[in-house]
Amino acid sequence: MSSRLNYNALAPAGLKALGTVYGYVAQSALSPVLVDLVYLRVSQINNCAFCLDMHTRDLLKKGQAIEKLALVQAWREAGELFDPRERAALAWAESVTRVAETGVPDAHYEAARHVFEERELVDLTIAIGLMNTYNRMAISFRNIPQAALQK
């Protein structure tokens, strides 16, 4: 796989705008680990190798165990490895990312709302939307994951 183009260089104002949203999410009340777990799960759903590599590295740097990261895709079967907020965030991320399939039903909203305050849920949804955008950019223009560059 080779990169198609450098969108950062071609549209710096657009990427700066996305970076501003990224900064907004980073300063929100959501924990950085929870946000990165959501970024990882969204990237798994979208099969974005570049973002999978980046967010796995970020989570490892934040002290998350490799065993936990290996089970993000199967979080429902991972028992208590994921706390209630993480489970709710991952479920919400799946429903919102697959919006064309799920329609984000009331039951999914109620489950997320049971765990998150209104502002947190809005911020979480912004994070999910942002990662879906970043995934689409990286996949469309074939960003090469750091792990592949080290070979």
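Helices (H or I, at least four residues) and strands (E, at least two) are DSSP runs, numbered from the N terminus. This is a predicted model, where local features need pLDDT of at least 70, side-chain atom pairs count only at pLDDT 80 or more, and totals for chains, interfaces and linings use all residues. Residues are numbered from 1 along each chain as its sequence is written, and side-chain values use heavy atoms, with hydrogens and water left out.

**View 1. The fold of the protein.** From the N terminus on, the elements run α-α-α-α-α-α-α-α-α-α. The radius of gyration (over C-alpha atoms) is 15 Å, close to the 15 Å that the globule rule gives for 151 residues, so the protein is as compact as a globular protein of that length. That rule is 2.2 Å times the number of residues to the power 0.38. The C-alpha trace spans about 45 × 30 × 30 Å along its principal axes.

**View 2. Helix H4, residues 49-61.** At 1.5 Å a residue, its 13 residues should span 18 Å; the end C-alpha atoms are 18 Å apart, which agrees. The expected span is 1.5 Å times one less than the number of residues. Just after H4, glycine 63 takes a positive phi of about 90°.

**View 3. The buried side of H4.** Cys51, Asp53, His55, Asp58 and Leu59 are the buried residues of H4. Buried means under 20% relative accessible area (1.4 Å probe, protein chains only). These residues pack against helices H3 (32-46), H5 (66-70), H9 (118-140) and H10 (146-149). Contact means heavy atoms within 4.5 Å. Across the protein, 39% of the 151 residues count as buried.

Terms used. Buried means under 20% relative accessible area, exposed over 50%, partly exposed in between (1.4 Å probe, protein chains only).
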